[in-house]
Amino acid sequence: MRILKKPVSYCLSIFSAVEFPAPFSFRVLRLSLGIPARHRAIHTSGANQMRASYPMDQSPGTFVREKGTEFEVMNSSNGAEKPYIWPSPEGGHKIDIGKQIFCNRSLNMKNIVAVGFDMDYTLAQYKPETFESLAYEGTIKKLVHNLGYPKELLRWTFDWKYMVRGLVLDKKRGNILKMDRHKYVKVAYHGFREMSKEDKVGTYGSTLVRDAFDEPDYALIDTLFSLAEAYLFAQLVDFKDNNTGKVPEGVDYARMYRDVRAAVDLCHRDGTLKQMVAKDPKRYINEDTAILPMLKMLRDSGRSTFLVTNSLWDYTNIVMNFLCGGRTLYGSIPCNLDWLQYFDVVITGSAKPGFFNEDKFANLFEVDLESGMLLNTDNGTPMSQVGTTSPILLPVEESNKRCRVFQGGNVGHLHKLLSIESSSQVLYVGDHIYGDILRSKKVLGWRTMLVVPELEREVELLWELRDMRKQLRLLRNERDLIEDRIHHFKWYLKFGSTDDDEKQTISSTLHELASQRDQVRLAHQLAQREHHQKFHKVWGQLMKTGYQNSRFAHQVERFACLYTSQVSNLSLYSPDKYYRPSEDFMPHEFHILLLGN
């Protein structure tokens, strides 16, 4: 756990201790009326280490400048005011909390010589309402037309808001799970039916050996690409349960999941999805005008920039043209290669996460930018083609202006092309906790930044619901205090030397305390569920499961040096910034540190 330096942190999982007067009195009704607004010192977590004073009734998007800091008042609630990039005259002042970069491990950007990016869902943020719906519809068609599923599936619809990242699919049982950092299942659904507490404990909590919740029996939903297939899996589970005769005998939940994966792969293999995106990128990809200034700022600061994507060159060129200039295949402004000036090396068809294994043999081909043909290379060095005496080379003046584009290879080739001497000199930005972040961090020791688009709304809701979180904390403390008194009286009644009158008094007190405990417990459960549903009607907070960090949050903390809501947030900070994390703390330090504020 982490605690931030004084004053008290705007980290809503941290609360001060509460003292209850004796004798104990029941105060649930008072708590339900809300807590009066007070002035509190707020210290935002993350890289900027900003300190400011916030009135508790102040609007959630307002940041107050403190003397001697680089921040000043800004209003982010209406989204009308665009953020300035750091190098501009107005830059260095305004960073909305939803745009901040948060830090898990110290990272001094002065030590970074190369910054790399993934493309899909990192530089290119796809619109879930259109792109995920397109993926869902394509997968359904493959299931029906290629894998023999009933035609009535074609009438199904997709709720793109239903699934979230960090879930785990139990392929054998047809369950969708959300668990905390200790791998305890806290929310579970069978298809779209919520499982009771007894069912959860009976299935996942009463075994002699803890389940690892990993492949091959489980599927991890760690990327936004997987949300549509997770939703379809839940639909198929319900369909199988309610339509026994329509599902062929022997087709179990695990088989249905394999079929969904096969259908998704077919969509990618035949180019169905990418052809639709290429026709109308604006329909499927969010425009971000800060990407080019961000890339230019990094290059002007003397750093190399590179792109490593699993997409092939033809699709990469279309997407990057749209992101870097609004150019499309069929638009009034034709596609060109101008965007390459913002990169030193581009590697397409990288086959991540295998790309990050330097020992894995993989041929590196150079892409002929005009024809798209692949040219043989010797670890990036051009090779003579059969029938020629010298390799095909660009004119010197042209080769100095343009970056080189490759397909395949591995991280060893990239290090050589960029003259990287130490893996810690590389910062890589991606969206996939496993494919981009875990491997590059754990295997290579690259510095990493995870892009979490959902984070922007999450932190804004955290601010709005801070009083509700305070009420939850008070209710929880009140319940614990009542339970402690019940245990004490029961012990005294059993082992203490008491007369009949005293026993009668204690029994009466116990009855009253039990009634109070039940009321507090119910009030806490209802308030906790309401708070849970404010973030998501089914799965709650992305980064929390109850009072614990979620499994997804645990992975973010372990493997991402930095994390933020979108890649262009880098443009809001100095390219030489020293990102510093908040202070770690353990439970035994919790009340001591908070009482000291």
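Trainee: Is Arg303 buried or exposed?

Mentor: Arg303 is buried, its relative accessible area being 6%, where buried means under 20% relative accessible area, exposed means over 50%, and partly exposed lies in between (1.4 Å probe, protein chains only). Before we go on, keep in mind that this is a predicted model, in which local features need pLDDT of at least 70 and side-chain atom pairs count only at pLDDT 80 or more, while totals for chains, interfaces and linings use all residues. Residues are numbered from 1 along each chain as its sequence is written, and side-chain values use heavy atoms, with hydrogens and water left out.

Trainee: Which residue forms a salt bridge with Arg303?

Mentor: That is Asp576, with 2.9 Å between the closest N and O atoms; a salt bridge here is a side-chain nitrogen of Lys or Arg within 4 Å of a carboxyl oxygen of Asp or Glu. The two residues are 273 apart and link distant parts of the chain, with Asp576 in the loop between β25 (562–564) and β26 (578–579) and Arg303 in the loop between α8 (291–300) and β15 (304–308). Helices (H or I, at least four residues) and strands (E, at least two) are DSSP runs, numbered from the N terminus. Asp576 itself is partly exposed, at 36% relative accessible area.

Trainee: How many salt bridges are there in the whole structure?

Mentor: The search finds 24. Among them is the one between Glu454 and Arg165, at 3.1 Å from N to O. That pair also links distant parts of the chain, 289 residues apart, since Glu454 is in the loop between β22 (447–451) and α13 (455–464) and Arg165 is in the loop between α2 (128–145) and β10 (167–170).

Trainee: And how accessible are Glu454 and Arg165?

Mentor: Glu454 is partly exposed at 24% relative accessibility, whereas Arg165 is buried at 2%.

Trainee: Which residues are linked in a network of salt bridges?

Mentor: Glu229, Arg261 and Asp265 are linked in that way.

Trainee: Switching to the fold, what is the strand order in the open sheet of 11 strands?

Mentor: The order is β7-β25-β22-β21-β9-β15-β16-β20-β17-β18-β19, with mixed pairing, and two strands pair if DSSP finds at least two bridges between them. At the edges are β7 (102–103) and β19 (381–382), each of which pairs on one side only. Inside the order, β21 (residues 426–430) runs parallel to β22 and is joined to it by four bridges, and Leu427 has Arg447 in β22 as its bridge partner.

Trainee: What about positive phi at Tyr121 and Ser419?

Mentor: Neither residue is a glycine, yet phi is near 70° for Tyr121 and about 55° for Ser419.
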